[in-house]
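Q: Can you walk me through this model? Keep it brisk, and give me the cut-offs as we go.

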Amino acid sequence: MWGFYFNELIRSLPFFIKGLWMTVAVSGLSLIMGTIIGFIWGILRASRNKILRSLIGAWVDLIRGTPFLVQVFIVFFILPGIGIELEAFPAAVIALTNLAACFICEIVAGGILAVSSGQREAATASGLSAYQQLRHIILPQAMRTILPPLVGQYVLLVKDSSVVSAIGVVDVTRVGWLTVQRIPEGIMVFGLVGILYFIVCYPLINLSNILERRMTVGATRL
Amino acid sequence: MLEAFNFRVILEYMPLYLQCFLATLWLSALSLLGALLVGIIACTMRLSKSRVVSSISGVYIESIRSTPLLAQLYFFYFGLPSIGIMLPEWVTGVFALTLNSGAYYAEIVRSGIQAIPSGQIEAGIASGLNYFQRMRYIILPQALGMTIRPMLGQAIVLVKDSSLLSLISIMELTRAGQLLTSDRFMPAEGFLTTAAFYLIIYYMLKGFSSWSEKRLIFREAH
């Protein structure tokens, strides 16, 4: 039976590749938008504006305090109730983008606050505008602290994207779930799903480790 | 939207929610205990001098960290019966959560132990402390102080991850929201209440995390 199911599985490989492409599309789109929004929120969160700071902080807390699955359900089931009709794919991208933005916001804010205040004071004393300070003094130094956890966060988000299969987005996990109804060899089917995720995630994990080593070496050299 | 919000239904379902809240709590607590145990064992194996033992643990940690929990959950849920192991759903769920968080705890414990400079351990040996005394007075107090925050962070992740157990039809908080959605078609009431319960756990753990940082003052290792 094993051999028969294995052949069946090989024959449905194109289906899995399609699912992998969906996973990459959902997480890729969300990561790009989430990074942009996350940087903006992070910069605001590290700013001196108290209201903005605590508003963003409260939102980030709400998102970090609830499971992603519940957030996906809220976007998918509740937004239509207030007149925003969404297909599964955009709902998934919205939920994942928001999640990414919240986590990246904390990383960016942490990185900016880690830059010593003397740098900012010196920049102010040299007459740089707020934008110039951020662009030329603060962010380049903050990137050292931001980059390694940022890539690590990308890995977590690619993995979190599997949750959107629950609202019917046909990503790799969903393909596995559909296939296992037909080929009742769970270990084989989800072994394949695992391998496909591994192919996407493992290079990112390594990149994160390399960055971490590089950045610490760079920091000691300063 | 608020006038459409039906608080009466929430009250009616409150006993179910409380029951599910407790279920989430004890499913997470059980998995947390298991994960700590697995994490410590895996970390000890990872740091072992034997190549084979170390790489077994390495393969475990890396394969867990580079695949999503949902795929792991389905792997066991569909995979175990296909090799003839029949377990109740909740056992499969706790098993998957334990193995998943165990890999992360292994990394947290390892980072804590490795952060202690070897000179301190050598000094301990030179002062005539035996293995347990070195563990008790030199390594653990510092390692615990450094890792208590990431450990509580992982506990928060674990509680949120337990929401995925709803997808293999285990009764817990997220499942309660799904029930309210399918029985009464009230997703807003269902999932927002679910989210509120998760937030209770989140803020408690977060409060504990900042309390422990203030109270358990461990000096860093360098």
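A: Elements first: helices (H or I, at least four residues) and strands (E, at least two) are DSSP runs, numbered from the N terminus. This is a predicted model: local features need pLDDT of at least 70, side-chain atom pairs count only at pLDDT 80 or more, and totals for chains, interfaces and linings use all residues. Residues are numbered from 1 along each chain as its sequence is written, while chains are lettered from A and ligands numbered from 1 in the order in which they are written.

Q: Where does Ser169(B) lie?
A: Ser169(B) is in the loop between α6 (131-161) and α7 of chain B.

Q: What is its phi?
A: For Ser169(B), phi is positive, about 55°, although the residue is not a glycine.

Q: Is Ser169(B) buried or exposed?
A: Exposed: Ser169(B) has 12 other C-beta atoms within 10 Å. The cut-offs are 20 or more other C-beta atoms within 10 Å for buried, 12 or fewer for exposed, and partly exposed in between, with C-beta atoms placed from the backbone.

Q: What about Phe185(B), which has a positive phi although it is not a glycine?
A: Its phi is about 50°. Phe185(B) sits in the loop between α7 and α8 of chain B. Phe185(B) is exposed, with 10 other C-beta atoms within 10 Å.

Q: What are the spans along the principal axes?
A: The C-alpha trace of chain A spans about 75 × 50 × 25 Å. For chain B the C-alpha trace spans about 70 × 45 × 25 Å.

Q: How many residues count as buried?
A: In percentages, 40% of the 222 residues in chain A are buried. In chain B, 39% of the 222 residues are.

Q: On to the contact between chains A and B. How many residues come from each?
A: Chain A gives 32 residues and chain B gives 31 residues. On the chain B side, α2 (51-65), α3 (69-82), α7 (173-184) and α8 (187-215) each supply at least two residues. The most come from α8(B), with 9 residues.

Q: What classes are they?
A: The side of chain B that touches chain A has 19 nonpolar, 10 polar and 2 charged residues. Here Ala, Val, Leu, Ile, Met, Phe, Trp, Tyr, Cys and Pro count as nonpolar, Asp, Glu, Lys and Arg as charged, and the others, Gly among them, as polar.

Q: Which domains does chain B have?
A: The assignment gives domain 1 (35-162) and domain 2 (171-215). Domain bounds come from an automatic or database domain assignment. The C-alpha centres of domain 1 and domain 2 of chain B are 26 Å apart. Their contact takes 8 residues from domain 1 of chain B and 9 residues from domain 2 of chain B.

Q: Which residues touch the most other members in the largest nonpolar core?
A: Among its 107 residues, they are Val72(A), Ala92(A), Leu96(A), Ile104(A), Cys105(A), Val164(A) and Tyr74(B). A nonpolar core is a set of buried Ala, Val, Leu, Ile, Met, Phe, Trp, Tyr and Cys residues joined through C-beta atoms within 7 Å. Helix α5 (residues 88-114) of chain A gives the most to this core, with 16 residues. Both domain 1 (35-162) and domain 2 (171-215) of chain B give residues to this core, so it lies between them.

Technical notes. Contact = placed C-beta atoms within 7 Å.
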